[in-house]
Amino acid sequence: MAETTLHRELGLNDSEYARIQSIMGREPTLTELGMFSVMWSEHCGYKYSRPILSLFRRYREAQEKGALENAGITPLDNQFGIVMKMESHNHPSAVEPYQGAATGVGGILRDIFTMGARPIANLNSLRFGPLDDAHNRYLFERVVAGIGDYGNCVGVPTVAGEIYFHRCYSGNPLVNAMAVGLVPLSHIASAKAEGIGNLVLYVGSSTGKDGIQGASFASVEIGPDSESKRPNVQMGDPFMEKLLIEATLEALATGAITGIQDMGAAGLTCSTCETAAKACTGMVIDIQKVPRREANMTPFEVMLSESQERMLCIVQKGEEDKVSRVFTKWGLQAAIIGKVTGDGFIRVMDGDQEAACIPARALTDQCPTYHLDAAQPAYLSELTSLDPLNYSEPDSYEDVLLRLLNQPSIADKSWVTQQYDSMVQTQSAYLPGADAAVLRIHGTKRGIALKVDGNARYCFLDPYVGAQVAVAEAARNVVCVGARPAAVTDCLNFANPEKTETFWQFQRAVEGIAAACDVLETPVISGNVSFYNETQEFGPIYPTPTIGMLGILDDIHNRCDARFCQEGNPILLLRSDSDPTGGLGGSEYLAVVHEIEAGRPPAIDLAAEKRLHQLLLTLIQQKLLVSAHDCSDGGLAVCLAEKAMLGRIGASILLRSIDFDNLPPSAIFFGETQSRIVVSVRSESYIKMLEQIADQYQVKAQWIGTVGGGRLRLSLDGKEIVNLPLETMERRWRTAIPNWMDGAETQSVLKAV
Amino acid sequence: MKVGVIVFPGSNCDQDAYHAFRDNLKQPVELIWHQETDLKGVDLVVLPGGFSYGDYLRTGAIARFAPIMRSVEKFARSGKLVLGICNGFQVLCEAGLLPGALVRNAGLKFVCRYVNLRVENAETALTAHCRVGQVLRIPIAHGDGCYVCDEESYEQLSRNRQVLFRYGEADGRITLDSNPNGSMDNIAGIANERFNVFGMMPHPERATEKLLGSADGRLLLSSLIESVINGARTGA
């Protein structure tokens with residue numbers, strides 16, 4: 001029987017414990033209490049976030065219908081669907097970066113092939129503290145290695161991502177892994193334990209004592225004792241995962257599997273109760289039959305282990321040999337551990353002894369829901385009242401541009417992306433470094449574009465606007481390669497939601513995402529929430545919602561590159577922008593040059609943004625553009641520099657301040673005003689045409705210069721303020737990260753516990 | 001003419017090789033499971049890239065004991081054509097069908113990117129469609145691609161012109177900087193003494209269509225196909 005304080009040690013509060021006693025009508029056993037503690041953690045039960053997430057229409061509808069699946073699906077055509085999801089592995093990566101990141105990739109891949117989809121792409125969104133700190137470099141290096149080693153071995157290309165560095169992530173890095181899969185619409189698998197008498201088949205790795213209660217660990221802040229949680233971090237085996245992918249897809253093809261769920265957070269507990277609850281059935285399993293890595297494991301440990309690379313299949317009775325044979329062929333163990341029952345209970349037997357007997361729905365649907373209080377943070381009014389135009393202009397704009405290109409958050413990420421196999425499966429038409437990855441879908445002429453995006457500084461200053469910008473920018477990125485934005489998955493990283501200010505940030509960000517997704521017609525089809533991202537030393541992280549965007553190209557041949565290509569090509573700025581402060585609020589410029597993170601983030605008009613997207617897609621479909629790249633971090637100047645460096649050809653830009661509300665040069669060149677895309681066209685004769693078409697979309701197409709030469713030259717009102725050789729820019733841009741990582745001592749600097 | 005692609009547990013470029021031969025080079029191709037012993041009458045065996053058996057002991061070290069490998073060895077000894085790509089190259093070295101070994105990249109990190117390969121010998125079944133000195137743009141993706149061998153083998157490789165490709169600059173110059181993994185003398189691919197067994201770290205199957213960035217790999221795969229068709233199995 002449970003001790004009176006034991007539930008608190010397991011992360012349950014007194015009223016939750018009372019609720020459990022009332023559901024059970026008795027004292028829960030230790031195993032039962034453990035099962036409740038993980039299922040009722042925020043990580044599995046979404047007890048704090050659920051009311052807010054209902055703002056996402058698809059989520060609300062799925063929840064009402066009891067149809068929440070492991071990942072969301074968007075149709076590609078009438079034959080195939082794209083499955084995608086993003087998930088955080090922040091806490092494990094903070095204490096064991098290599099395994100934490102690797103198992104993040106493994107876990108999200110299982111969510112994809114559990115749906116019957118073949119995983120075709122990995123993406124990730126990463127945040128670390130500044131690289132001048134050795135511990136941050138250690139975390140960065142090992143997270144990248146963990147993602148690479150896992151993805152490379154399973155043979156799923158890592159095609160795109162984003163990486164930011166900021167002191168708020170010191171000690172609490174963010175590791176958000178996203179996976180994408182392709183499924184025939186007629187073969188979508190479901191996580192339902194249907195059919196009384198059907199068998200419960202355990203597949204994959206043995207169960208060990210690793211990762212016990214990982215879900216609960218992810219639901220508290222990182223503290224000085226977090227290092228002692230290293231045993232809570234799971235160990236990944238990508239080879240096993242590769243076998244599991246092939247065997248699972250082959251086994252599903254037999255038609256004998258009626259339901260399937262991976263064992264991720266909360267392991268056997270979660271996969272048994274969720275599949276049973278969804279089908280309104282029950283399940284009895286015998287943990288003696290569970291393949292184990294070590295002797296003397298208690299029922300508590302078996303039920304709560306988060307050992308990786310395991311799946312739970314519900315197999316039609318009588319067909320078990322057919323299914324087992326497939327797994328055996330791939331060298332995997334498959335053990336029948338129980339059967340589906342009709343009584344609605346999850347019964348866990350330890351041989352003859354009953355270790356737990358809980359109504360399945362008590363663990364899932366009856367998880368308490370909290371409506372937390374939200375209050376606008378005190379810091380906001382002061383920070384946002386600051387006028388970013390009140391600061392002095394820099395002495396040298398060239399120096400500013402070079403400093404921005406040298407910021408690790410803006411700099412070239414090849415040091416990272418070259419460690420990932422981005423080409424396996426031979427579908428990658430655009431590799432990392434493009435505005436968005438473009439993958440062809442084998443056997444069709446269609447393609448998909450994928451991108452992850454987020455700007456935490458904007459969200460810190462205004463989570464509603466910041467979240468909208470994240471959606472808009474991710475959509476703009478897929479539009480720039482020629483894809484129609486189709487769906488969103490998100491990963492919502494926040495600090496402790498039990499603090500009113502954090503919860504306000506969370507609520508406003510979700511409202512922002514929901515509003516933007518409504519206007520841009522990109523439903524949120526899946527996602528994940530990660531709370532408690534804060535440390536005693538560095539405090540709470542900035543609110544960091546990250547957006548994974550799927551775009552669809554009906555014909556992959558109509559796609560567009562970011563780089564300048566040809567001498568003499570005219571350059572145009574397409575803009576449907578409106579920002580009186582020139583987008584300097586919360587900009588990288590303000591942070592780097594004036595060391596200030598304040599002001600209002602760039603304004604965004606979603607309807608205007610949408611018109612810009614429609615215009616760009618029209619232009620690309622009509623093959624009128626040579627290149628397209630959006631303005632984001634670092635503003636117009638960085639956008640132009642990137643286009644020049646990628647194409648290894650310069651450009652001369654001539655601007656008039658009158659076209660930019662007479663803003664100062666800093667705002668014109670480095671302001672992060674939204675809804676802007678720089679394009680190049682083949683010749684002068686296209687300019688007029690572009691202007692006319694843009695006019696139909698109420699977008700301004702403004703000629704700003706010409707491609708050519710070996711330098712980037714920026715002039716304002718006839719005065720040249722930047723004239724830099726490409727090599728000079730490129731050196732700063734390409735060496736920023738390698739200089740920190742290869743030049744510095746990056747070996748383990750684990751702090752003493 | 002039929003191509004056989006061997007599938008080990010952990011192979012992950014088997015489908016890519018299959019796709020390249022079937023859809024881009026329009027050749028009959030078959031996947032062959034590692035536990036089989038019959039090569040099903042194929043004329044060309046491809047050992048694909050990936051992480052056979054997780055590469056847990058040493059790259060390629062376990063795969064060489066797979067049942068199908070005995071048949072592959074026999075096939076090679078009879079003078080028929082075998083191409084090992086990336087992990088397949090590692091397996092061929094472990095199996096003793098090619099000299100030398102592939103060890104951890106000098107930079108200790110996995111590297112995935114396009115490289116420039118200079119063709120060193122164009123009189124082989126793999127390179128017949130190329131010119132000596134021609135530069136091919138083909139991607140690499142490996143953590144253990146640093147080719148090494150003992151002095152005697154190196155001497156023999158050089159003397160017999162068994163080195164087929166070296167990493168170089170876009171203009172064909174062989175430089176230290178252009179070597180992505182620290183391999184001996186920038187070696188990227190070799191042949192055995194009889195010129196019927198080939199191993200290379202770069203992935204020609206990933207470079208068989210413009211859509212993906214390069215079609216230079218077609219030159220190599222089409223050379224092999226033509227060699228089979230012409231029955232010309234030795235070069236040099």
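Start with the second largest cavity, whose lining splits into three nonpolar, three polar and no charged residues. Here Ala, Val, Leu, Ile, Met, Phe, Trp, Tyr, Cys and Pro count as nonpolar, Asp, Glu, Lys and Arg as charged, and the others, Gly among them, as polar. The residues around this space are V105(A), N122(A), L123(A), N124(A), I147(A) and T158(A). Strand β3 (residues 118-128) of chain A gives the largest share of that lining, three residues; strands (E, at least two residues) and helices (H or I, at least four) are DSSP runs, numbered from the N terminus. About 30 Å³ of space lies inside.

A quick word on where this comes from: the model is predicted, with local features needing pLDDT of at least 70 and side-chain atom pairs 80 or more, while totals for chains, interfaces and linings use all residues. Residues are numbered from 1 along each chain as its sequence is written, chains are lettered from A and ligands numbered from 1 in the order written, and side-chain values use heavy atoms, without hydrogens or water.

Now for helix α12 (residues 267-279) of chain A, which has 13 residues and reaches 19 Å from its first C-alpha to its last, close to the 18 Å expected at 1.5 Å a residue (1.5 Å times one less than the number of residues). α12(A) is mostly covered, with 11 of its 13 residues buried (under 20% relative accessible area, 1.4 Å probe, protein chains only). Among the buried ones are G267(A), C270(A) and A279(A).

How values were computed: On a 1 Å grid over the protein atoms alone, a cavity is a set of points where a 1.4 Å probe fits but cannot get out, and a pocket is an open set with protein on both sides within 12 Å along at least five of seven lines; lining residues have an atom within 4 Å of a point. Grid points are joined across faces, edges and corners, and a volume is the space filled by probe spheres set on the points. Buried means under 20% relative accessible area, exposed over 50%, partly exposed in between (1.4 Å probe, protein chains only).
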